[in-house]
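Work through these exercises with the model open beside you. Try each task before reading its solution.

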Amino acid sequence: MTDLVFLTGAGISAESGLATFRGEGGLWEEDEDLRALCSAEGLAAQPSNVHAFYDARRAQLREVAPNPAHVALAQLQERWIREARGTFTLATMNSDDLHERAGSREVLHLHGTLFAALCAECGNRVGWEGELPVREDCPACDAPALRPDVVLFGETPRHRHALEALATKADIFIAIGTSASVHPAARLIGLARANGAVTIEVNPAPTGTADILHVLCGPASEEVPRLVRDLLAGAHAVPF
Ligand code: APR
């Protein structure tokens, strides 16, 4: 049995047409004010600008589609579980729905999702399409308190403890399309390595993260299908 844990970042959706945050053409590189806006303080001070930013990202989701990396992970999940090869965990820092649209199930969204709204009053979540007006009423508590269900800078990521436990049990931990610069997600790689996992990175610009054992230096749409084939071909422990 081999327990797999995947952590994906903005890079896995880059070839689908969604901008990353850092590096060339990254959203935060292009506009530092935008990064400040996407924070708890930004939401408190400029709610309509924050809502407008995420409305635009939500609308963009309808114009893009999963790429071969998303599809390969969904196929691997299906086979890994059906053939009882071990556990399969897919965690993402992305708030897009491309993993789900590719067929992945039980995706752990550390930084929330664009396709839901969160009540700042009662914590209720409701699926959301289209624009989210400021002070929209929550269907559960009626408070005019719905906001984008995205974890902003200064807010606490989700699934933290569950993922740390999974990372310590992983036999193979694969980080795809992340700059590994945001914590606590980046800490998961070190946790997995410290507990004996084979750690693999898929990135055309290797991050140089010390805890990574193997780097697949190329775009996710090419490297992930290849890695999936290797894993399915039984190259479990060390697919090289
Ligand atoms: N395939 C694989 N990786 C790619 C590709 C590609 N086609 N294109 C770019 N990358 C890599 C870049 O080299 C970079 O290392 O994806 C990474 C994207 O890094 P970031 O933009 O920093 O994204 P991420 O690591 O997901 O950011 C984490 O930070 O800003 C917050 O909440 C935001 O969830 C985000 C978090």
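**Exercise 1: a helix pair**

The axes of helix H7 (residues 160-169) and helix H8 (residues 185-194) come within 7 Å, with a crossing angle of roughly 30°. The model is a predicted one. Task: classify how H7 and H8 are oriented to each other, then list the residues that make the contact.

Solution. 
- Step 1. Take the angle, roughly 30°. Angles under 35 degrees count as roughly parallel. H7 and H8 are therefore roughly parallel to each other.
- Step 2. Assign the hand. The crossing of H7 past H8 is right-handed.
- Step 3. List the contact. H7 supplies Arg160, Leu163, Glu164, Ala167 and Thr168, and H8 supplies Arg187, Leu188, Leu191 and Ala192.
- Step 4. Sort these residues. The contact of H7 with H8 has 5 nonpolar, 1 polar and 3 charged residues.

**Exercise 2: a strand with two partners**

Task: find which strands E1 is joined to, and decide whether strand E1 (residues 4-8) is enclosed or open.

Solution. 
- Step 1. Look at E2. Strand E2 (residues 88-92) runs parallel to E1, and 5 bridges join them. Phenylalanine 6 has leucine 90 of E2 as its bridge partner.
- Step 2. Look at E7. Strand E7 (residues 172-176) also pairs with E1 in the parallel sense, over 5 bridges. Here valine 5 is partnered by phenylalanine 173.
- Step 3. Check the side chains. In a regular strand they alternate between the two faces of the sheet. From E1, Leu4, Phe6 and Thr8 point one way, Val5 and Leu7 the other way, and all are buried.
- Step 4. Conclude. Because 5 of the 5 residues of E1 are buried, the strand is largely enclosed by the rest of the structure.

**Exercise 3: an open sheet**

Task: give the strand order of the open sheet of 3 strands, and name its edge strands.

Solution. 
- Step 1. The order is E5-E4-E6, with antiparallel pairing.
- Step 2. Strand E5 (125-127) and strand E6 (146-150) are the edges, since each pairs on one side only.
- Step 3. From one strand to the next, the twist averages 40°.
- Step 4. Strand E4 (residues 112-119) meets E6 in 4 antiparallel bridges. In one of these pairings, alanine 117 has proline 148 of E6 as its bridge partner.
- Step 5. Helix H4 (residues 47-61) packs on the sheet and touches E4 and E6, its direction making about 55° with that of E6.

Key:
Residues numbered from 1 in each chain as written. Predicted model: local features only at pLDDT ≥ 70, side-chain atom pairs only at ≥ 80, totals over all residues. Heavy atoms only, no water. Axes fitted to C-alpha atoms, helices over the stretch in contact; angles between N-to-C directions. Helix = DSSP H or I, 4+ residues; strand = E, 2+ residues; numbered from the N terminus. Parallel < 35°, antiparallel > 145°, perpendicular 65-115°, else oblique. Left-handed = near helix turned anticlockwise from the far one by under 90°. Contact = heavy atoms within 4.5 Å. Nonpolar A, V, L, I, M, F, W, Y, C, P; charged D, E, K, R; others polar. Buried < 20%, exposed > 50% of the residue type's maximum accessible area, 1.4 Å probe, protein only. Pairing = 2+ DSSP bridges.
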